[in-house]
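Subject: Handing over the structure

Hi there,

Here is the structure I promised to pass on. Please open it alongside this note.

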Amino acid sequence: IDLKMPPLPAVAMFTYDTKDGKPELLREYDQPYSPLALTAYPEVLIKLEDLKVLQHYAEQRILSSGVQKNLPVEKRMESLRRAALLSVEELFKDPSPENINRSRKVVGSFVYLLMRDPQAYLVLARLSSHDPYTLQHSVGAAVNSIILGKKIGFRNESDLIDIGMAGLLHDIGKVGVAPEIINKPGPLDDREWSEMRKHPEIGYEIIKDIPTLTGVTKMAVLEHHEEKHMKGYPNKIPWDDVGLYSKIVAIADIFNALTTERSYSKAKEPYEALVLIKDKLSNKIDDELFREMVMIYGGQLEGLSGAGTAPQQKETSE
């Protein structure tokens, strides 16, 4: 078994000597070492500057189809979720084309599994609201966007990747908003809201010239806070002019926010969140898409019998 395992990347590894409280060298940078050999140690240390090297190695292994096909669907989804979280963490530190393209590979792996394993729906839905808020919200919004896109008839994997990337990047503009506003535990005042509402435009400016992202993905980042009756932001455009991808991300964003634990708000159960959206937030979401979201979670809300008819896809992936 050990011979079949790929060697670890070139990072030094240390053990911790509890007697003198100092790390002891276990493996030099250029010394071959397999993952199986590490099982003899309860804990191994690495230098902080080598962390990114190991993260990239783990991500490549996780995204390898040879590894994925031998794991149960729950393990596959959990490993992909971890890869997505690492990818988004780097993305929010540096929203460069390179990091965005890495994120696209992770989203593509979610789509690949979703298209080939019927159980993936339920596992993805459970994972989307599992973690605390912040970076995890972007992964959850991407997951829900992919699920909803598949539910309303997206059959092309590239379209599902586009909507997944829109969900993943929808809040990337918050890198340009002051951290004290982003992390404020209570309600924002008028000045703070004014700053927060700039994030769709900031996000669009960050990604608008990245060639691997399609126009519909970029417009979803810009439009996901537009509302009915031209009361949304940033451009207050007519609801009929808001793109389908933008409307999908809007529902995914709201639903995941409500079903995720936050510092000032307890996570709601899916049914409770759907009721709140129906009763209090209907001006922010598309009615037909909302019916489809209800059906994804296996229920029917009063006044929303049946799945409804999903809106036709007006955009192309170009």
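First, the ground rules. This is a predicted model, in which local features need pLDDT of at least 70 and side-chain atom pairs count only at pLDDT 80 or more, while totals for chains, interfaces and linings use all residues. Residues are numbered from 1 along each chain as its sequence is written, and side-chain values use heavy atoms, with hydrogens and water left out.

Helix packing

Two packed helices are described by the angle between their axes and the distance between the axes. Here the axes are lines fitted to C-alpha atoms, for helices over the stretch in contact, with angles from 0 to 180 degrees between N-to-C directions. Helices are DSSP runs (H or I, at least four residues), numbered from the N terminus.

Let me start with helix H10 (residues 199-207) and helix H11 (215-223). Their axes come within 7 Å and cross at roughly 155°, which means that H10 is roughly antiparallel to H11 (angles over 145 degrees count as roughly antiparallel, under 35 as roughly parallel, 65 to 115 as roughly perpendicular and the rest as oblique). Pro-200, Glu-201, Gly-203, Tyr-204 and Ile-207 of H10 touch Lys-218, Met-219, Val-221 and Leu-222 of H11, where contact means heavy atoms within 4.5 Å. By class, that contact has six nonpolar, one polar and two charged residues; Ala, Val, Leu, Ile, Met, Phe, Trp, Tyr, Cys and Pro count as nonpolar, Asp, Glu, Lys and Arg as charged, and the others, Gly among them, as polar.

Next come H12 (residues 244-258) and H13 (residues 270-280), whose axes come within 9 Å and cross at roughly 125°. H12 is therefore oblique to H13. Ile-254, Phe-255 and Leu-258 of H12 meet Pro-270, Ala-273, Leu-274, Leu-276 and Ile-277 of H13. That contact consists of eight nonpolar residues, with no polar and no charged ones.

H13 also packs against H14 (residues 287-296), at an angle of about 165° and with the axes 11 Å apart. H13 is therefore roughly antiparallel to H14, and their crossing is left-handed. On the H13 side are Leu-274, Ile-277 and Lys-278, and on the H14 side Phe-290, Met-293 and Val-294. These divide into five nonpolar, no polar and one charged.

Backbone features

Most residues other than glycine have a negative phi, and most peptide bonds are trans. In the loop between H11 and H12 you will find His-229, which has a positive phi of about 60° although it is not a glycine. Pro-234 lies in the loop between H11 and H12, and a cis peptide bond with omega of about 15° joins Tyr-233 to Pro-234.

A pocket

The largest share of the lining of the second largest pocket, six residues, comes from helix H1 (residues 51-62). A pocket is found on a 1 Å grid over the protein atoms alone, as an open set of points where a 1.4 Å probe fits, with protein on both sides within 12 Å along at least five of seven lines; lining residues have an atom within 4 Å of a point. The lining here has 13 residues, with Leu-8, Pro-35, Tyr-57, Ala-58 and Arg-61 nearest the pocket's centre.

Happy exploring!

How values were computed:
Helices (H or I, at least four residues) and strands (E, at least two) are DSSP runs, numbered from the N terminus. A crossing is left-handed if the near helix is turned anticlockwise from the far one by less than a right angle, and right-handed if clockwise.
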